[in-house]
Amino acid sequence: MAPGPRVMPQKAKNFKKSIFKLLKYCKRHVWGIVISLIFAVAGTILTLIGPNKIKELTDIITQALPAFDQDAMQWVNTNLSVDLQAVTNIGIILVILYGLGAIFSFIQGFIMTTITQRLSKRMRKDITSKINNLPLSYMDSTPHGDVLSRVTNDVDTIGQTLANSIVTLVSASTLLIGSIIMMFITNPIMAATAIGASLIGFILIALIMRFSQKHFVAQQNELGAINAHIEEIYSGHDIVNVYNGKKETKKKFEQINKRLYVSGWKSQFFSGLMGPIMGFVGDFGYVAVCVVGAVLTMSGSISFGVIVAFMIYVRLFNQPLAQLAQAFNNLQSTAAASERVFEFLDAKELDDESHKTTVLNDAKGDVEFEHVKFGYTPDRVIIHDFSTHVKAGQKVAIVGPTGAGKTTLVNLLMRFYEVDAGKILIDGVDTKDLTRENIHNLFSMVLQDTWLFEGTVKDNIVYSKEGVTDEQVIAACKACGLHHFIKSLPHGYNSVLDDNTSISAGQRQLMTIARAMIEDSPMLILDEATSSVDTRTEILIQKAMDKLTENRTSFVIAHRLSTIKNADLILVMNNGDIVEQGTHKDLLSKGGFYADLYNSQFDKED
């Protein structure tokens, strides 16, 4: 399948919208986040107090060092003693300050990690719940790999970056503002020098942020596209090989992979520029502070301790710049991932049916279609005006050429899609008045595409049915000719089906048929249920189905018309309308569309 249209980089205006939605989603964790931020701010403030104490410590020590007498042009020893008690006191204060800072940092990290993991868990839970509430039309129009990418890659991106980004933004902003305040309090000239030297960093970061966001968005989108392509090619690996499509699929993969490479390279390139730029700004700030500090010290305007303090303040001032740049880079990815996740969570769901009170528990199986009209899109009408009445217990076969609307009819019956006009009645009750869950409980369904999950054979056959005995499972498997195969497995019915289990397509189909037998619903839908089995097995299944459909209304979609000769009613569809209906003999005797269709298949089979 084609990978879909190329994903173009989105505009930057989506950044604020996505971040706002994410913050709104986090509102139930607001108090935990606030407490974490308080600890982060407190730890940052303690960090800011440290350099001022180091300045005092440096001044106490330098007082015992020789001073330069400019008049005598020589070094003079003014005080050879050091106040050890003052040094000890300041040292203890510094240990307490930095110790508390480390403790506060640990607490805020623990709180934010817990919150973000709970947030990721909740987000995955909401996505799973959303999947169960989405209409079939969404699944039909969205690549499965892209949905999987939103559940895995995008949620992981949000969880991994959110834990650090929010705290980093607050703590780095506090550190930046606090270091500026402390620098101006210590010495305005030195503060202006340090800030002026770092302005170039702000300008470069702003430019990089402006150009990098669209590449982060494109990277997440292309990642979803490549996952969707790989999932499709993996699931259809046999078809790709049979039709020698490897060259074409490889070409499509390389196209998506190239776009992912370009967007990933650009986003990571801009992200990688942050470190060198901030390193240059930091080094330039150190040089400026040393030069200006030396001049001021020689003139006697400041002490040597001020220079030492400013060396630390310059580091503290530049550090949040780098942290803010990295945090914004992370937020770019987070915003892009959030946009995709919330786009999925905001998708239109199935209508709420909690207000419906009508329930059919013991349906007889009388089904009536009254002037049903349906189209997947307004300009693509599949069923124009469909009407028929199926009596309870009848076996109804739906036949017709490809695209006639056979499967669409079943989808409407199950309310996977809603009719555009007309109505469908079960035992005289409009299906719109019933919940989808109630309707699905009335049907057992066997599709052409089989679905088995990793678990034991028994678990796959029983699935969600409760209270099923081993005897019932065995009876169902014997009825469809599956019992002998299951007994040949190493652990029989307790054998685990996984990637290492060798099971044919026909055997998979038989298991889904056994599952339908166990469900034992009043109505049955068989959509090409015998398409993957050989002729001998098909005969066994037909006998089992004849027994299964006794006293049950059953709808059988079949391409091989020889399998539905014993149907009570055959609906012949073409272009969304019933063109003929009746028994097999009656339709053949008319010599119409059904007879032509049957004879063409009979000739092929001969």
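The side chain of Arg150 has a polar atom 2.8 Å from the backbone oxygen of Arg340, a polar contact (a pair of N or O atoms within 3.5 Å, one able to donate a hydrogen and the other to accept it; residues adjacent in sequence count only if both atoms are side-chain atoms). The model is predicted, so local features need pLDDT of at least 70 and side-chain atom pairs 80 or more, while totals for chains, interfaces and linings use all residues. Residues are numbered from 1 along each chain, and side-chain values use heavy atoms, without hydrogens and water.

**Around Arg150**
- Arg150 sits in helix H5 (residues 144-186); helices are DSSP runs (H or I) of at least four residues and strands (E) of at least two, numbered from the N terminus.
- Arg150 is buried at 8% relative accessible area, where buried means under 20%, exposed over 50% and partly exposed in between (1.4 Å probe, protein chains only).
- Among the residues that Arg150 touches are Ile127, Val341 and Phe344, with contact meaning heavy atoms within 4.5 Å.

- In H13 (residues 470-479), Val473, Ala476 and Cys477 are buried.
- These residues cover an arc of only 95° (from directions between the helix axis and the C-beta atoms), so they lie on the same side of H13.
- Glu471 and Lys478 are exposed on the other side of H13.

Notes
Lists of a residue's contacts leave out its neighbours within four places in sequence.
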